[in-house]
Amino acid sequence: MNPYPAKPSVIIIGGGIIGLCSAYYLLKQGYQPTVIDQGNLLDNCSSGNAGMIVPSHFVPLAAPGMISQGIKWMFDSKSPFYVKPSLNPALLSWGVKFWKHANAQHVANSAVPLRDLHLLSKQLYDELEKEPELDFGLEKKGILMLYKTQATGHEEIHLASQAQQLGLDVAVLNAQQVQDLEPDTELNVLGAVHYRCDGHLYPNALVQQLIAYLQRNDVQLITHCKVTGFEIDHGEIKAIKTEKGNFVADLTVMTGGAWLPELAKMAKLNIPVMPGKGYSFMVDPQQKKIHHPALLLEARVAVTPMNGQVRFGGTMEIAPINKQINQKRVQGIVDAIPQYYKDHQVAMPQLDQIWYGFRPCSPDGLPYIGYSQHLNNLIIAGGHGMMGLSLGPATGKLVAELALKQHGLSVPITAFGPERFK
């Protein structure tokens, strides 16, 4: 008789930050995870993003003003937000749902659930940092929301007031106070809101170290393996069909990033997600150092010091997945930088220096976290949009708690029901 009973098995489809964090926390709870990914685990959206931990992001993408602003931006080839006109049924359906949720009531309903999810993740990052095998450059300097116009400043200060009411650590700064925080570069801004509750890290190191940690703990990572279907019987996934054969487990966790709708469809589920393509590139700042991560509000550009360099990123192209690099969008990022940092004249990066990835955007701007209503051994965790890196640990921990059938989850997930769109 074996005195050591077999660990319950779980297959995680998708090896981005959500999948890796799910594997990490399931492993901690005594599960034997296997991660299946169609890529090599290093080319996911998780590696090239801005590396920001953002309790400040308690307003979902679907918010008042995004529709009218998006229409204006559609006519600017360098604009930060773009929805490619198309008769694609999935895009049209997603767009209608987005329009229905872009209202003040949805924003109000989403604020507390998003805040709580972000704050849980922030706490978990603090714990992950203490793991002796993990060193991913976590810093807690906050994030500066830099603005150049009075109209943007008025909106951001109003948002800061809401953040303070939610208990977040926020300060409104004038131009000189912002400049004092950045003594090594000359700023050209009217002011900023400093979300001192935020943080940042080096995502490339985080992903690589999580992969190494899982491998050392005998987690099987199966790469370049595309899922082709599911064998379903009596409301359960009996097998996962892939290009490398069938896999069987007690539990399946479906992450999948921007490919989540395709995976869901194979399981006869409807989970709407559209890819939001973003670009980033790294720059050596030399003497003109930038010390704090920032969002250039009017330009919608993210600025993050990491690994001795600075990563600039931005744009949100809502369109079907494609591998084209729209250099005009990248030029828009490049052009915005010296408008805020006077002494940062950044050259247009070469094509091989431009990273792009697909953010998995749900139509209401909220992630999907929870059990399927139709398949009782399937947990869905995806649709995090621009917040995947920030929400990775919280989502992974919730996945592990759901797997254990815990009644008291770390935070409520009612707002994140994975089959809320019928």
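Trainee: In S12, which residue is the bridge partner of Lys241?
Mentor: This is a predicted model. Strand S11 covers residues 236–242 and runs antiparallel to S12. In S12, Lys241 finds its bridge partner: Asn246.

Trainee: How many bridges join strand S11 to S12?
Mentor: The two strands run antiparallel. They belong to an open sheet with the order S10-S11-S12. The number of bridges joining S11 to S12 is three.

Trainee: Which strands stand at the edges of this sheet?
Mentor: The order of the three strands is S10-S11-S12, with antiparallel pairing. An edge strand here has a single partner strand, so one side is left without a neighbour in the sheet.

Trainee: Which element gives the largest share of the largest nonpolar core?
Mentor: That core has 54 residues. Elements giving two or more residues include helix H1 (17–28), helix H5 (104–129) and helix H11 (388–403). Nine residues, the largest share, come from H1.

Trainee: Which residues does Leu206 touch, not counting residues up to four places away in sequence?
Mentor: Leu206 is among the core residues that touch the most other members. Leave out residues up to four places away in sequence. Leu206 then touches Ile17, Tyr125, Phe136, Leu201 and Leu389.

Trainee: How many residues are in the second, separate core?
Mentor: This core includes Val189, Ala299, Val334 and Ile354. Its residue count is 28.

How values were computed. Residues numbered from 1 in each chain as written. Predicted model: local features only at pLDDT ≥ 70, side-chain atom pairs only at ≥ 80, totals over all residues. Heavy atoms only, no water. Pairing = 2+ DSSP bridges. Helix = DSSP H or I, 4+ residues; strand = E, 2+ residues; numbered from the N terminus. Core = buried A, V, L, I, M, F, W, Y, C linked by side-chain atoms within 4.5 Å. Buried < 20%, exposed > 50% of the residue type's maximum accessible area, 1.4 Å probe, protein only. Contact = heavy atoms within 4.5 Å.
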